[in-house]
Amino acid sequence: MSSEWSASQRYELTSAPGGLGLVQDFLNTMGIEGYGPDLMADTALAGNWAASAVRTWSALRGVDAQPPLLDAADLSKLRALRDTIAKLVAGEPPTGRGTGSVSASFALSDTGEVRLEPAGSGWRWLASALWGEIMLSQQDGTWRRIKQCHNHQCGSTFYDRSKNNSGVWHNVKTCGNAANLRASRARRWERDRAAESPASTKLSGT
Ligand SMILES: [Zn+2]
């Protein structure tokens, strides 16, 4: 299967449905210490990511898009765009107009479907594809299922497939348990500290 979202898969994340996977994959280009580097940190990494992501997106959308060429200036625009979209996912109100407006064009598919096709070059092409997918996702109600893992050391972007959309961890076993472990360690520390206090020493001495 050609559906390979390399940035999301390196963090073992389940993919969002259809073209929305592009948005998830773009957000997961961020680095997580000990797991993977920031794929927007240099043009070689970004170029590889774009080639793979655009191939996957093209196959899912049934189009024949070429990955845009990205230089250092494109990368800084893309990092800013990634921050803007990440804040949207986190539910923070948008400040200003993000990275500025980009264009897209309308096209008709062989089966008569109206399509929004990305336009422009470099970072603009990717921004155009990403905003198009976000718009479609906001319309069909899948956008609220795109979330950031609540484990701050992780922060990866996952697609919540739970029935009532209540997930907060990308993986309950790893990130959920890590958080529970920290909480129980903190509770034990509080308890031990209370036990060592002079008042309780007196009590235990009787
Ligand atoms: Zn996580």
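**Close-up 1. Aspartate 38 and its salt bridge with arginine 82.** In this predicted model, aspartate 38 is partly exposed, with a relative accessibility of 23%. Its side chain meets that of arginine 82 in a salt bridge, with an N to O distance of 2.8 Å. Aspartate 38 belongs to the loop between α2 and α3, whereas arginine 82 belongs to helix α4, so the pair ties together parts that lie 44 residues apart in sequence. Arginine 82 has a relative accessible area of 8% and is therefore buried, since the buried class covers values under 20%. Side chains of opposite charge can pair when their charged atoms come close. A search of the whole structure finds four salt bridges, and the pair of arginine 82 and aspartate 38 is a salt bridge of this kind.

**Close-up 2. The salt bridge between arginine 61 and glutamate 133.** The closest N and O atoms of arginine 61 and glutamate 133 are 2.7 Å apart, and the two residues form a salt bridge. This pair links distant parts of the chain, with arginine 61 in helix α3 and glutamate 133 in helix α5, 72 residues apart. Glutamate 133 counts as buried because its relative accessibility is 3%. Arginine 61, with a relative accessible area of 33%, is partly exposed.

Close-up 3. The side chains of arginine 193 and glutamate 190 meet in a salt bridge, at 3.5 Å from N to O. Both residues lie in helix α6 and are three residues apart, about one turn of the helix. Arginine 193 is partly exposed, with a relative accessible area of 46%. Glutamate 190 likewise counts as partly exposed, at 42% relative accessibility.

**Close-up 4. Packing of helices α2 and α3.** Helix α2 spans residues 20–27 and helix α3 spans residues 43–61; their axes come within 9 Å and cross at roughly 165°. That angle makes α2 roughly antiparallel to α3, because angles over 145 degrees are placed in that class. The crossing in which α2 passes α3 is right-handed.

**Close-up 5. Packing of helices α4 and α5.** The axis of helix α4, residues 72–89, comes within 10 Å of the axis of α5, and the two cross at roughly 15°. As a result, α4 is roughly parallel to α5, the class that takes angles under 35 degrees. The crossing of α4 past α5 is right-handed.

**Close-up 6. A nonpolar patch on the surface.** Phe106, Leu108, Val114, Leu116, Met135 and Leu136 form this patch, and together they have about 630 Å² of accessible area. The elements that contribute two or more residues to the patch are β1 (104–108), β2 (114–118) and α5 (123–140). Leucine 108 is located in strand β1 and counts as exposed, because its relative accessibility is 61%. Methionine 135 is located in helix α5 and is partly exposed, with a relative accessible area of 38%. The C-alpha atoms of methionine 135 and leucine 20 are 9.8 Å apart in space, although the two residues are 115 residues apart in sequence.

**Close-up 7. Glutamate 12, a residue with positive phi.** Most residues other than glycine have a negative phi. Glutamate 12 has a phi near 55°, a positive value in a residue other than glycine. The residue is found in the loop between α1 (6–9) and α2. With a relative accessibility of 72%, glutamate 12 counts as exposed, the class for values over 50%.

**Close-up 8. Asparagine 165, with positive phi in a buried position.** Asparagine 165 also has a positive phi, near 55°, and is a residue other than glycine. Its place is the loop between β4 (157–159) and α6 (172–196). At a relative accessible area of 14%, asparagine 165 is buried, whereas glutamate 12 is exposed.

Key:
Residues are numbered from 1 along each chain as its sequence is written. This is a predicted model: local features need pLDDT of at least 70, side-chain atom pairs count only at pLDDT 80 or more; totals for chains, interfaces and linings use all residues. Side-chain values use heavy atoms; hydrogens and water are left out. Patches are made of residues with over 30% relative accessible area and no salt bridge: like charges are joined within 9 Å, nonpolar side chains (Val, Leu, Ile, Met, Phe, Trp, Tyr) within 5 Å. Accessible areas come from the Shrake-Rupley method with a 1.4 Å probe; for residues, only the protein chains shown count as cover. Helices (H or I, at least four residues) and strands (E, at least two) are DSSP runs, numbered from the N terminus. Buried means under 20% relative accessible area, exposed over 50%, partly exposed in between (1.4 Å probe, protein chains only). Axes are lines fitted to C-alpha atoms, for helices over the stretch in contact, and angles run from 0 to 180 degrees between N-to-C directions. Angles under 35 degrees count as roughly parallel, over 145 as roughly antiparallel, 65 to 115 as roughly perpendicular and the rest as oblique. A crossing is left-handed if the near helix is turned anticlockwise from the far one by less than a right angle, and right-handed if clockwise.
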